Amino acid sequence: MKQAPDLGRPAGLTSRRRAETLESVKSSRGSPDWLRARSGPLSTRDMCRALERIAAHLRSSREGSSAELALEKVARRRDPFHVLVACIISLRTKDEVTDTVAPRLLERAPTPDQLVRLDEEEIARLIYPAGFYRTKARSLREISRRLLKEFQGQVPSEIGTLLTLPGVGRKTANLVVSLGHGAPGICVDTHVHRFSNRIGYASTREPDETELVLRSRLPGRWWTPINELIVSFGRQLCTPVSPHCSCCPVRSICLRVGVTRSR
Ligand code: SF4
């Protein structure tokens, strides 16, 4: 993840494309054709079997390891404001950096009230070297101001409302809903989007579309865990270039759509 993020919209989506996608979101509710066109041939039963195998594989590979994703640590606190802040910092930023700078900022300013009292320079200094730290400092301060002014200092739990906050895209909104509020949410990032298409469960061009397919087809019990599972799996085995198919636990299920080179 090296490109500059437009923190107001998902990476890769132009305003027009986003508008079309969101239009699809609305129309898809009553449109089986939209869903049929963007669903892959893999059955939900096989998708769930694949996710169960991946979960078992990750459990065994993590045994004896203290490795933990930066967001997981913050998520354990179940504080929506902390999840929101950590998610924004984590965009276009390595996990190790988020792991260091998010706790540093949250220790100094654990609530919107305390964060809004810091000036942008100080926030930027606290979250440096996160990617686009100056832009994020501005967004974090403005978010805190809006939370205080419009939401009594609370982080909203509806995706639509969260999307109105500066720097919040669907990925962040879904993480806040699921990890912060403990409500169902599907966070589709580049790993979940790639995996869902490769295995043959979705046939989509954009993560937003994949999210809709998953919302429509995938049983609720997988909505929250799928992101954590597939981010780890995508880093270990189902890598963007030349995935490790020969030792993949779901090789017998996966349709390997678009995979031309593998190890
Ligand atoms: S078989 Fe290959 S493409 Fe399919 S999930 Fe496994 S690593 Fe990814």
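Guide: Happy to! The largest nonpolar core has 62 residues, and those with the most contacts inside it are Leu 84, Val 85, Ile 89, Leu 105, Ile 127, Val 176 and Ile 199. Such a core is a set of buried Ala, Val, Leu, Ile, Met, Phe, Trp, Tyr and Cys residues joined through C-beta atoms within 7 Å. Helix α5 (residues 80-90) gives this core its largest share, 8 residues. At least three core residues come from each of domain 1 (30-64 + 186-247) and domain 2 (79-180), with bounds taken from an automatic or database domain assignment.

A word on the model: it is predicted, with local features needing pLDDT of at least 70, side-chain atom pairs counting only at pLDDT 80 or more, and totals for chains, interfaces and linings using all residues. Residues are numbered from 1 along each chain as its sequence is written.

Now zoom in on Leu 84. Setting aside residues up to four places away in sequence, Leu 84 touches Val 155, Thr 172, Val 176 and Gly 180; contact puts the C-beta atoms, placed from the backbone, within 7 Å.

Stepping back, the chain has 14 helices and 0 strands, assigned as DSSP runs numbered from the N terminus (helices H or I, at least four residues; strands E, at least two). Of its 263 residues, 42% are buried, that is, with 20 or more other C-beta atoms within 10 Å of their own, where C-beta atoms are placed from the backbone. Among contacts between residues at least 6 apart in sequence, 65% join residues at least 24 apart.

Technical notes: Buried ≥ 20, exposed ≤ 12 C-beta atoms within 10 Å, placed from the backbone. Contact = placed C-beta atoms within 7 Å.
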